[in-house]
Amino acid sequence: MSDNLPEVPEQPIARTGMFGTSGTGDTSGYGGLVVRRPAPVSSPRPYGSYFDEIVDGLDHEGVERVVVDRGELTLHVAREHLVEVMKKLRDDPALRFELSLGVSGVHYPHEAGSELRAVYHLCSITHNRRVRVECATPDSDRHIPSTVSVYPTHNWHERETYDFFGIVFDGHPGLTRIEMPDDWEGHPQRKDYPLGGIPVEYRGAEIPAPDQRRSYA
Amino acid sequence: MTQEATEGKVYDVAGQDWDKLTEAVAESSEERLVINMGPQHPSTHGVLRLVLTLDGETVTEARTVIGYLHTGIEKNLEYRTWTQGVTFVTRMDYLSPIFNEVTYCLGVERLLGIEDRIPDRAQAIRVLTMELTRISSHLMAICTYGMELGATTPFLYGLREREMVLDIMEYITGLRMNMAYIRPGGVSVDLPAGAVDKIGELLKVMPERIKDMRKILDANPVYTRRTKDIAYLDLTGCMALGITGPVLKAAGLPWDLRKSQPYCGYETYDFEIATEQTCDVYGRYQVRVSEMEESLKLIEQALDRLTGPLKNQPVMIEDKKIGWPAQLALGPDGLGNSPAHIAHIMSSSMEALIHHFKLVTEGFRVPAGQAYVPVESPRGELGAHVVSDGGTRPFRVHFRDPSFTNLQAVPAMCEGGYIADVISAVASLDPVMGGVDR
């Protein structure tokens, strides 16, 4: 290969879509060019900063991989060990992540076997540090143990993640929908849920989707 | 208006029939009463619904119901470019829009890896607008609280002062709320001529106005009786429930991200963190007023820099692949591209036109990964968990809104207290439902 050719990216880029959209309720008129390149999968040691101390201090079999990206530490934890790891992160004097900033769900439909993620942001006020804990679950078996017993603030956050992504947090004291109506069908922030074009329903009353409504013209 | 149900007797109120209701309830032998407060209630700060179980006047159980203002902003963000996202996030917590924009833009900037290249002038303007917004937000928190307890004077005073701040924001950004002023890479437009003088006027007037507010409320027996030792929540409770902001500071912990994990250059400013030890509503009020006074100091320092060393510097990153090419200017039909820029792309440079078109319609690409850069909003830690798949649109944006988390403290603050104090408790959390439901 000649030296003056542009550098070939290490990982393949998926490229789909172009201008113009159909089949969704998206009214932006722009279907979007999807350029997908995976994020770093795991990082080698040393991680730098205080990250080595956290990983060494935690030293738990539940940590599947460690990603250090853009100055942020992410621990990928197997769901069987999630509660234990969270407890250790909170209670160990060398770690002391006493404040949790809640749960954020992410849906990666293209990552078979770990489509749904619950992402926890923890903060240690004692040591002034931050860590992100990520827990994956396959879409076919959407279960993650609840961490409300460790961080009571997760109560509403887990309900929200259940509401929007359908992840069932086992052991949650009352896992019900929080933002959507109780009788809503589907989990709206999953990638397979369209943006619009859905009839609006609330307690039996229904307003048809925008393209199904009667014309006043 | 009354009917029997399996849970007990149900009383309906349709308006103009309160006398009948009180008669009917008085006749009933039941002590336990479940009442529904909201979602249409003036003192629940928007569409918050509280289901209160009462034993006499004591609240034995307080349940909070939210979701009435869910608008799917996070979902919508995935269908627009990274820059357009600012216009969405600013509408979440509508009383402190600048903070939503800043935390989102800081996240995008970290993903882009351009954190070090944001011009200092843009950072100083961010600090300036954030602190102005903090004042207007705290004023709203304090003044509506007065109104909810039946006192209209603090409300009128507070709104008058808030109007001064909003006028300045309108002068700078063109809009009073939902400005979409902070953009990835900097801010959308430089301070207009005369803005510095207007802010200078505010700095002259505002300290006196805050003093007036203190004179009305600080030692007012009506106010202190409704606020002191009410809605107690100590540090342990705050930590467990993830409460941040004035509620945490009123529990005695000087935890403020501007000091502990600074962003936008806050480490170079001189200010104090206000704390109180009382863990009650009065302490939270004191923290808010002190924070406003500190914000004035910060505004003054930012203004000094903007008129001194940072004068005539850029407000948007130099990188042409990220910073929008337009130089905005105020025309007769509002804020838009400057005539010089239009002339450039329309009649002199084909490449500039293509570049403008691509950047505005398709947007820039953000390398895959995730970032979370929180800021200290008037209500506590506000952070955007921003995920990119390498495309031109966000893959997922989740807002950790302090109002959402703080509302979980309602049962801890209200149960065992009087029903009248529920209003104090909710007001002291200062929830903004736009941020809670998003």
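**Exercise 1. The contact between the chains**

How many residues does the contact take from chain B, and how many from chain A?

*Solution.* The model is a predicted one. Step one is the count: chain B supplies 42 residues to the contact and chain A supplies 38 residues. Step two is to find where the residues of chain B sit. Elements giving two or more residues to the side that touches chain A include helix H4 (97-112), helix H14 (350-362) and strand S12 (380-388) of chain B. Of the elements, S12(B) gives the most, with four residues. Step three is to sort that side of chain B by residue type: twelve residues are nonpolar, 18 are polar and twelve are charged.

**Exercise 2. Two helices of chain B**

Describe how helix H5 (residues 120-148) and helix H12 (residues 281-307) of chain B are placed relative to each other.

*Solution.* Begin with the axes, which come within 9 Å and cross at roughly 155°. Angles over 145 degrees count as roughly antiparallel, so H5(B) is roughly antiparallel to H12(B). The crossing of the two helices is left-handed. Next, list the residues that make the contact. H5(B) contributes, among them, Ala124(B), Leu128(B), Ile135(B) and His138(B). From H12(B) come residues including Tyr285(B), Met292(B), Leu298(B) and Ala302(B). Last, divide the residues of this contact by type: 15 are nonpolar, two polar and six charged.

**Exercise 3. The setting of Gly186(B)**

*Solution.* First locate the residue: Gly186(B) lies in strand S7 (residues 186-187) of chain B. Now look for its partners, leaving aside neighbours within four places in sequence. Gly186(B) is then in contact with Ile118(B), Pro119(B), Ala122(B), Val315(B), Met316(B), Ile317(B) and Gly323(B). Finally, take one separation: Gly186(B) and Arg393(B) are 207 residues apart in sequence, and their C-alpha atoms are 19 Å apart in space.

**Exercise 4. The make-up of chain A**

Which helices and strands does chain A have, in number and in order?

*Solution.* The count gives three helices and eleven strands in chain A. Read from the N terminus, their order is β-β-α-β-β-α-β-β-β-β-α-β-β-β. For burial, take the 217 residues of chain A: buried residues make up 30% of them. For contacts, consider those in chain A between residues at least 6 apart in sequence; 48% of these join residues at least 24 apart.

Terms used
Residues are numbered from 1 along each chain as its sequence is written. Chains are lettered from A and ligands numbered from 1 in the order in which they are written. This is a predicted model: local features need pLDDT of at least 70, side-chain atom pairs count only at pLDDT 80 or more; totals for chains, interfaces and linings use all residues. Axes are lines fitted to C-alpha atoms, for helices over the stretch in contact, and angles run from 0 to 180 degrees between N-to-C directions. Angles under 35 degrees count as roughly parallel, over 145 as roughly antiparallel, 65 to 115 as roughly perpendicular and the rest as oblique. A crossing is left-handed if the near helix is turned anticlockwise from the far one by less than a right angle, and right-handed if clockwise. Two residues are in contact if their C-beta atoms, placed from the backbone, lie within 7 Å. Ala, Val, Leu, Ile, Met, Phe, Trp, Tyr, Cys and Pro count as nonpolar, Asp, Glu, Lys and Arg as charged, and the others, Gly among them, as polar. A residue is buried if 20 or more other C-beta atoms lie within 10 Å of its own, exposed if 12 or fewer, and partly exposed in between; C-beta atoms are placed from the backbone.
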